[in-house]
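This report describes the fold of one protein chain, from its overall dimensions to selected residues. Please consult the sequence and the model shown below while reading.

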Amino acid sequence: MTEIYRYAIIRFRPFAETGEFANIGILATNLVSGVTSYRLAPKRFSRIKHFFDSAGYTAYRAAVTYLRSELERINRELPLMNISVRHDIFSEISRNRESSITFSDVRVIKNSSHIEILLDYLYDRYIGRNFAGNETAESILTKTLRTDLHRHGIWHLKSLRIEDDVVPVTFPLGHRDDSIHAIKPLAFSQKSPLSIFDYGSSWKNRLEYLLSKNKIRPHNILLAIQPPATQDSSHLEAFHLAEDELRHLPLEIVRTPLGAPMNPGIIDFARRVPNSDRTKFFH
């Protein structure tokens, strides 16, 4: 069924005098249900550093941290409000004011997708700059997993970022409650055996670090691994070495080959992830 959404692009404008800005997020609401959600760029967003000077980058980190906390506060309050109030809140949030955080004019779009899928598309287009034909194998795998989870009635896994001064990590399918539960798709589509091996090693090191810092807990993370599409023996050997290294971690790991049905282990894991009503309204 076609839905009607309002959305606005969230922008960062550190120097009002120049009027220069960078797109950093999307805010959207369903005109019928009032369900509202958003996507924000990470706190460490290299594009800001390249576009503005160091003072602008410092200001961005403070501004986006404050904005995220405000949106999360609304996340907790929205389920208690009626639909008309939710629409009013969208209008109030997206109203431009004298601030380094500004919004584009509100736009309307018809789309048959759930709001979270629409946000992925809008974020990829306006912030990720991923235009048609320029998607990575891992982004395609992520979208495929998300779509399959939605078909099984699992909607509460959203993009979730773990902030850390050394190793910040974003999980595209996660939920934060008393602890973090998340699915991390890993597509081993790299062009050389060495890059396949290095990719696995880099993620093993990141996850080991997060475990050591208690940012994630054993068995609360699932790695959905897509093997190389090629049958080249050296590529497959590198993949098996990388997979073996990852399996030393106290995490759940399942394979999801290209074009194959979703591994039932992913559904089982997702259904065990705690859910809360508030995530249905504002991510």
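What percentage of the 283 residues of the chain count as buried? The share is 48%, where buried means under 20% relative accessible area, exposed means over 50% and partly exposed lies in between (1.4 Å probe, protein chains only). The model is predicted: local features need pLDDT of at least 70, side-chain atom pairs count only at pLDDT 80 or more, and totals for chains, interfaces and linings use all residues. Residues are numbered from 1 along each chain as its sequence is written, and side-chain values use heavy atoms, with hydrogens and water left out.

**Overall form**

The chain contains eight helices and ten strands; these are DSSP runs numbered from the N terminus, with helices (H or I) of at least four residues and strands (E) of at least two. Its radius of gyration is 20 Å, close to the 19 Å that the globule rule gives for 283 residues, so the chain is as compact as a globular protein of that length. Here the radius is taken over C-alpha atoms, and the globule rule is 2.2 Å times the number of residues to the power 0.38. Along the principal axes, the C-alpha atoms fill a box of roughly 55 × 45 × 40 Å. Of the contacts with a separation of 6 or more, 69% are made by residues 24 or more positions apart; contact means heavy atoms within 4.5 Å.

Strands S1 and S2 run antiparallel and are joined by eight bridges; two strands pair if DSSP finds at least two bridges between them. Tyrosine 5 has asparagine 30 in S2 as its bridge partner. S2 also pairs with S3 in the antiparallel sense, over five bridges, and glycine 25 has leucine 40 in S3 as its bridge partner. The hairpin of S2 and S3 has five residues between the strands, and glycine 34 in this hairpin takes a positive phi near 80 degrees. Nine of the nine residues of S2 are buried, so this strand is largely enclosed by the rest of the structure.

Isoleucine 9 belongs to strand S1. Asn23, Gly25, Ile26 and Thr102 are among the residues that isoleucine 9 touches, not counting residues up to four places away in sequence. Isoleucine 9 and tyrosine 60 are 51 residues apart in sequence and 16 Å apart in space, C-alpha to C-alpha.

**Nonpolar cores**

The largest nonpolar core has 38 residues, and those with the most contacts inside it are Ile10, Phe12, Ile24, Ile48, Tyr60 and Ile101. Such a core is a set of buried Ala, Val, Leu, Ile, Met, Phe, Trp, Tyr and Cys residues joined through side-chain atoms within 4.5 Å. The elements that give two or more residues to this core include strand S1 (3-12), strand S2 (22-30), strand S3 (36-40) and helix H2 (54-77). H2 supplies the largest share, seven residues. Isoleucine 48 touches Phe12, Ala22, Ile24, Gly56, Tyr57 and Tyr60, not counting residues up to four places away in sequence. Apart from this core lies another, of 27 residues, among them Ile196, Leu210, Ile225 and Leu249.

**The five-stranded sheet**

An open sheet of five strands has the order S6-S7-S8-S9-S10, with mixed pairing. S6 and strand S10 (252-255) stand at the edges, each with a single partner strand, so one side of each is left without a neighbour in the sheet. Neighbouring strands of this sheet are turned by 35 degrees against each other on average, direction ignored. S6 and strand S7 (residues 169-176) run antiparallel and are joined by four bridges, and lysine 158 stands opposite glycine 174 in S7. Helix H7 (residues 233-246) lies across strand S8 (180-187), strand S9 (221-226) and S10, and runs at about 175 degrees to S9. Axes are lines fitted to C-alpha atoms, for helices over the stretch in contact, and angles run from 0 to 180 degrees between N-to-C directions.

**Selected residues**

The table compares the accessibility of individual residues.

| Residue | Relative accessibility | Class |
|---|---|---|
| Isoleucine 9 | 1% | buried |
| Histidine 156 | 9% | buried |
| Glycine 259 | 79% | exposed |

Histidine 156 lies in the loop between helix H5 (137-151) and strand S6 (158-162). Its side chain reaches the backbone oxygen of valine 273 at 3.2 Å. Glycine 259 lies in the loop between S10 and helix H8 (264-272).

Technical notes
Polar contact = N/O pair within 3.5 Å; in protein donor to acceptor, adjacent residues only side chain to side chain.
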